[in-house]
Amino acid sequence: MVNIVSCYMSMLHKIMKLAGMHPKEVEIEPGTVIHFWVNNNNDNDDDDNNAKKKSRRRPALVLIHGFAGDGILTWQFQVLALRKKYSLYIPDLLFFGGSHTTSKAKITPRFHADCFAKGLRKLGVEEKCVVVGFSYGGFVGFQMAEHHPELVDSMVVTGSVLALSESISSKSLERIGFSSWPDYLMPNSVEGVKVLLDIGSYSFPWMPKVFYKHYLEVMFGNRKERVELLEALVVKDEDVTNHQFKQKIGRED
């Protein structure tokens, strides 16, 4: 039987390209590649006057996804709404979509933040950008804002906190009825996928059972690596520090 989610992803990629989005792979360091989707708002500027070029550049907007899907799947509707107003940069987290690494370092939100910052510079982001982070993407966004203030002007974050301390983690898991984040965010059953999408969405539309089965088959690869991402996310209460930000930070709960 044809996997309907796989077919949808193939169709989505074609639609995004028709909408002006382009996939780009950026090598951050040997063995580490970040996959971005970017639009071409600034590509057709052939004016020789650099000042005029910069004046016509559209503001850069970076959209960072969470664990339920890759970048373009998570932000597909925002892309269609924002692509003509902003220069969009949509990275895939490592071990999602087309991003991958052979690094032996612990892959934390800070590691992601440094990779994304370097990737954005390689893609030509010279001025400050706005970062939008959802769930795990929010943790990465906060790290970008703190450690790369010359790049991040402001943020919008939803479904995230500054740092996932052990106490916040345990209370959050208790509230949603799970014993660990991998149990919730890396389901291994059709019912688990349904619960993830229901909890993680404001109002997820009705879908037939086969959709959840196919979603499970396509969207939850690299299990070992993704579980390690989640394990590295939780920090001890005594290790949580006060964060100082120079940027404007918009918070949506």
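Start with helix H9 (residues 190-200) and helix H10 (residues 209-219): their axes come within 8 Å and cross at roughly 95°. Axes here are lines fitted to C-alpha atoms, for helices over the stretch in contact, and angles run from 0 to 180 degrees between N-to-C directions. H9 is therefore roughly perpendicular to H10, a label for angles of 65 to 115 degrees. Helices (H or I, at least four residues) and strands (E, at least two) are DSSP runs, numbered from the N terminus.

This is a predicted model, in which local features need pLDDT of at least 70, side-chain atom pairs count only at pLDDT 80 or more, and totals for chains, interfaces and linings use all residues. Residues are numbered from 1 along each chain as its sequence is written, and side-chain values use heavy atoms, with hydrogens and water left out.

Now show the side chains. From H9, select Val 190, Val 193, Lys 194 and Leu 197. They meet Lys 209, Phe 211, Tyr 212, Lys 213, Tyr 215 and Leu 216 of H10. Contact means heavy atoms within 4.5 Å. The residues of this contact divide into seven nonpolar, no polar and three charged. Ala, Val, Leu, Ile, Met, Phe, Trp, Tyr, Cys and Pro count as nonpolar, Asp, Glu, Lys and Arg as charged, and the others, Gly among them, as polar.

Select Ile 4, Val 5 and Ser 6 of H1, then Val 210, Phe 211, His 214, Tyr 215, Val 218 and Met 219 of H10. This contact has seven nonpolar, two polar and no charged residues.

Next, find the salt bridges (a Lys or Arg side-chain nitrogen within 4 Å of a carboxyl oxygen of Asp or Glu). The structure holds five. Zoom in on Glu 150 and Arg 121, whose side chains meet at 2.1 Å, N to O. Glu 150 sits in the loop between helix H6 (136-147) and strand E7 (152-158), while Arg 121 lies in helix H5 (residues 109-122), 29 residues apart.

Methods. Parallel < 35°, antiparallel > 145°, perpendicular 65-115°, else oblique.
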